Amino acid sequence: MTLPIDSIQFLPRPLTDGSKFYVSRGPRPMLARDADSVYWMSRYVERSEHVARILLISGILLTDVGQLDEELVDEQWRSILTMLQVPGDVPGEGPLRERIALFMTFDEENPSSLVNCVSRARENARGVRETISQEMWECLNTLYWSLRGDDARSRFEESPDDFFRSVMTGSFLFQGLTDHTLAHDQRWMFTQLGKFLERTAVSARVIATKYDILSAAEPLETPIRNIHWMAVLRMCASIEAFRRQHIGDLDPILVAAFLTLEGNFPRSIRFSVSHAHEMLGRIRSETNPRSIEAGERILGQLKTQLDYAQAEDIVTAGIPAYLQKIQDAAAEAARAVQSAYFLH
Amino acid sequence: MFKQYDVDGLYDEMFVAPGEPRSHYAAVSKGLNMLGVGAFQRRRQMADVSFRNQGITFTVYGDQRGVEKIFPFDLVPRIVPANEWETIERGLVQRITALNLFCQDIYHEQRILRERVIPADLIYGAKMFRREMFGVNVPRNIYIHICGTDLIRNREGQYFVLEDNGRTPSGVSYVLENRAVMKRVFPGLFTTYRVRAIEDYPFNLLQCLRHVSPQAMDDPSIVVLSPGIYNSAYFEHSFLARQMGVELVEGRDLVVENNFVYMRTTAGLRRVDVIYRRVDDDFLDPLCFRSESVLGVPGLMNAYRVGNVALVNAVGTGVSDDKAVYPYVPAMIKFYLGQDAILPNVKTYLCAEEDDRKFVLENLDKLVVKATNESGGYGMIMGHQATREEREKFAELIKADPRNYIGQPIIELSQHPSFVDDHFEGRRVDLRPYILYGEKVIVMPGGLTRVALRKGSLVVNSSQGGGSKDTWVLEDEDAEEETPHA
C-alpha cells in the first residue's frame, strides 16, 4: 500500500503585506571559543582515524609475520601506547594483544581510546553545532553512536577489523564533508590547521617509535624487516604512494625520508606542515594582517627546512632526533595558536 | 489497531466514541488502520534513529548515565481544526498583549496596583519581581517577546490556559523537528489534509529580535546566549542560532566595557546589540544577581539599563508568569484592554488568602497544589494520587509559606491515542503554542503537544518522562477554493 508522497500539504503562511525583507550580511565574526572548538573537533577526528588505523595494521602485521619472539610481539603491542602517548600500563587480564585493543577502543579512563577521541570530537562539535553543517554534525554523531551504542561491543567482538575500518570511514566521510559542506572561511581553516598538526605529530611518533623498537631488536631477516616497515607505511596510509616510487626491499631511511619529506603526498609530514602553515597565514591575514604570529613563524621555519631537506640530512641527524625536532616544533606551534586565537 | 481503544469517559481528541473518529481525524484513522502494526513500528524506529543521529536530544538532570535523551516522539499527529485554532489565536494575542502592558506598568507607574486590581504585596512578594528593573525603559516597551502558553482541555473539550511561560520558554525546536521528521517518516500516510506551515518561525523570531535592536541598522549583531552544552535545552539554543544564522555564545564569550557588550572573536572584540538569552535572570549578571554565577556576564545589567543592549525576553518578566499572579490575568485583560478574556483560566486558589488556604488544606486530596515559581513538573502534588504522608508534608509546606503555593481543581485533561507496544492507548495531552511579540504579534500555527508517559498520568513535562507529537493546525476549509484531492 503506497499513498502519494506529496499528499500532506504544509502550506506557507500567506503574505499579509507586500513588504520584503532582505539584508546582505558582511563577513561574520568568529568567536574565539568556536575557533578553539572546531580546531579540537578536527584534531580529535583525525586522531581517532590514526588510532583505528594503527590498531588495524598492528593486528594484521602480527598475523603476517607469523612466529615471532614473544617479547618482540609484546613490545610491538606496547609500542602502540608510545605512538599514541598513553602513559602507564594496560589494565585487565588475558593476552596483551586483546587487552590493548580493548583499552585503546573502549576504555573510558584512557584519553586516547577511540571512544574518548570521538566523544571529545563530538563534544567540541556540539559546542559549535550551529556553525558547522548539518551533514558534518550528523556524520560525527552517527560515528559517536556507533562507538557508544548498545551494539558496539558485539560488533567489535565479531570483527575488530571491520570495527576499526568503520571508524576510519567515519573520519574520511567527516573530512570530506568538512571540505564540501563548509565555506572555506576561517572556520574551515581552523579545522584544517587542527587536522594537519595532528597528522604531523602522530606520523612523526609512529616512525620514531617503530624505528626505536626495530633497531633495538636482534637483527631481523630481510623479509621480516620488510613486513615491519610496510606496516609503518600502512599505519601512515602511505604504502601505495611509496610503492609508486620505490620497489625492492624496504630501507628504514628510505621509508622515513618518504614519510617525512615527500612534497605532494597528503600523508607526508612536509605536506602537512606546509598546509598547516598556509592555513595559519590565511587566518592571521584575516584577523591581524600586520603581524606574524609565533605559530606561523615556527611552522614557516619548519616548512622551509623540510622543503629543502634530503634523506642525507635525516641520516646525519639520526631518525629519532630529526623526528623529535619536528614533534617539538608542531607542539610549540599548537601552543602558540592557542594563545594567539583561543585565549582572547 | 484501534480495536481495543477506549475513550475512558474523557475528552478524546481523536474519537467521539470507540470506533467513531471525529471528522477531522477520519483520514488519519483510516490511514493508520491500513498501515498496520508492523509497518507502524518500522516507521517509529526510523523516527527514533533519525532523532538520535541528528542529536535532537535533551538532558535530564540527576541521571548519571545516558544524560542525553531523545525526546520521545509520538507519531500520530494531533490535529486542531481551523475554527478551534481561530479562537485560540485570538485568545493568545489578547493575553500576550495584556501581559506586556502589565510588565510595563509594574515597572513604571503601577496603575494596576494603585487602583487595587491586584494586591501590591502579591507583586512585591513575587520571587521574580525585579526591583532592578524599576523605571528602566526597555527597547520598544516590549518585555515578553516570546511566550509559550500552556493550554489544556477538560472533559467537555473546553480549552483553558494552564500557565503562561514568559521567561525563557523552551520546546519550539522540537515542534520544528517533529514536523521535519514527520514529513520524512510519513510522506504518504495522511491524505487530504491541508496543514498550516510553521517553518517560518525562525525567520519571525529573527525579525522580532531585529525589531528591538538599540542601534538602528539593517544587520544588528544578534546572539543567542546559552548556559552551554550541558544545559537541558542546549539543542534548542544551538538549533535556533543555526536557523537564524546568528552566533551562539556562552557567558564567557561576552565582555562588557564602558557599558557596551562585546563578544570575543579571533579578531578581537565585536559589539553585540541584541541578546536572545536562554539564561535565567538570576544567572545573567553576577554583579547584579547571584554573585556565584559563572554563566552570566559581569556588567551586563548596566549595559542593559542604559539601553546599549536589548535582552530578550526582558529581565523581570517572571512577575507576570508567577502562578499566584496567574489568577489575575483575566482582570489584567479587563484593566488594560477593556475586554473579557477569550481563553478562560483554570479556577485557582491562592494560599496567601485565608479563605482559599483553608479550602486548599481541607481539600488537598481533590486538588493539585503547585509552588508558584517552579516549573517542569517540579514542586507540585497531585492530591488524589498522593499518599497520606505526602499530603501531610505538603500541608506543612503550605502553612510555612502560603504565598508560595496555589491550589487548582484537578482537570481531567483530554487524551489522544498513543502507540504503546503494539496497539493504541489513550494518553493525556496538553498544547503549548508559541507567540512572538515584535513589530506585530505572530502566533505560530501549531505548537508542542506534550504527552504523558503513563496511562492515567496528568503530568506531561519532558523532565518527567513525557513525549511529544506533531501538531497540525488545519487551513480553513471555507477559505479554500478547490479541493486538492478527488
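Student: How is the angle between two helix axes taken?

Tutor: This is a predicted model. An axis is a line fitted to C-alpha atoms, for helices over the stretch in contact. The angle is taken between N-to-C directions, and it runs from 0 to 180 degrees.

Student: At roughly what angle do the axes of helix α2 and helix α8 of chain A cross?

Tutor: Helix α2 of chain A covers residues 70-83, and helix α8 of chain A covers residues 186-216. Their axes come within 9 Å. The crossing is roughly 145 degrees.

Student: Is the crossing of α2(A) and α8(A) left-handed or right-handed?

Tutor: Take the pair of helices α2(A) and α8(A) again. Their crossing is right-handed.

Student: Which residues of α8(A) make the contact with α2(A), and how many residues of the contact are charged?

Tutor: From α2(A) come A:E75, A:Q76, A:S79, A:T82 and A:M83. From α8(A) come A:R205, A:V206, A:T209, A:K210 and A:I213. By class, the contact has 3 nonpolar and 4 polar residues, and the charged ones number 3.

Student: Which handedness does the crossing of α12(A) and α13(A) have?

Tutor: The axes of α12(A) and α13(A) come within 9 Å and cross at roughly 145 degrees. Residues in this contact include A:V273 and A:L280 of α12(A), and A:L299 and A:L306 of α13(A). The contact divides into 7 nonpolar, 5 polar and 5 charged residues. The crossing is left-handed.

Student: Which element gives the largest share of the side of domain 1 of chain A that touches domain 2 of chain A?

Tutor: The assignment gives domain 1 (30-182) and domain 2 (184-338) in chain A. In chain A, 26 residues of domain 1 are in contact with 24 residues of domain 2. On the domain 1 side, α1, α2 and α7 of chain A each give two or more residues. The largest share, 15 residues, comes from α1(A).

Technical notes: Residues numbered from 1 in each chain as written. Chains lettered and ligands numbered in written order. Predicted model: local features only at pLDDT ≥ 70, side-chain atom pairs only at ≥ 80, totals over all residues. Helix = DSSP H or I, 4+ residues; strand = E, 2+ residues; numbered from the N terminus. Left-handed = near helix turned anticlockwise from the far one by under 90°. Contact = placed C-beta atoms within 7 Å. Nonpolar A, V, L, I, M, F, W, Y, C, P; charged D, E, K, R; others polar. Domains from an automatic or database assignment.
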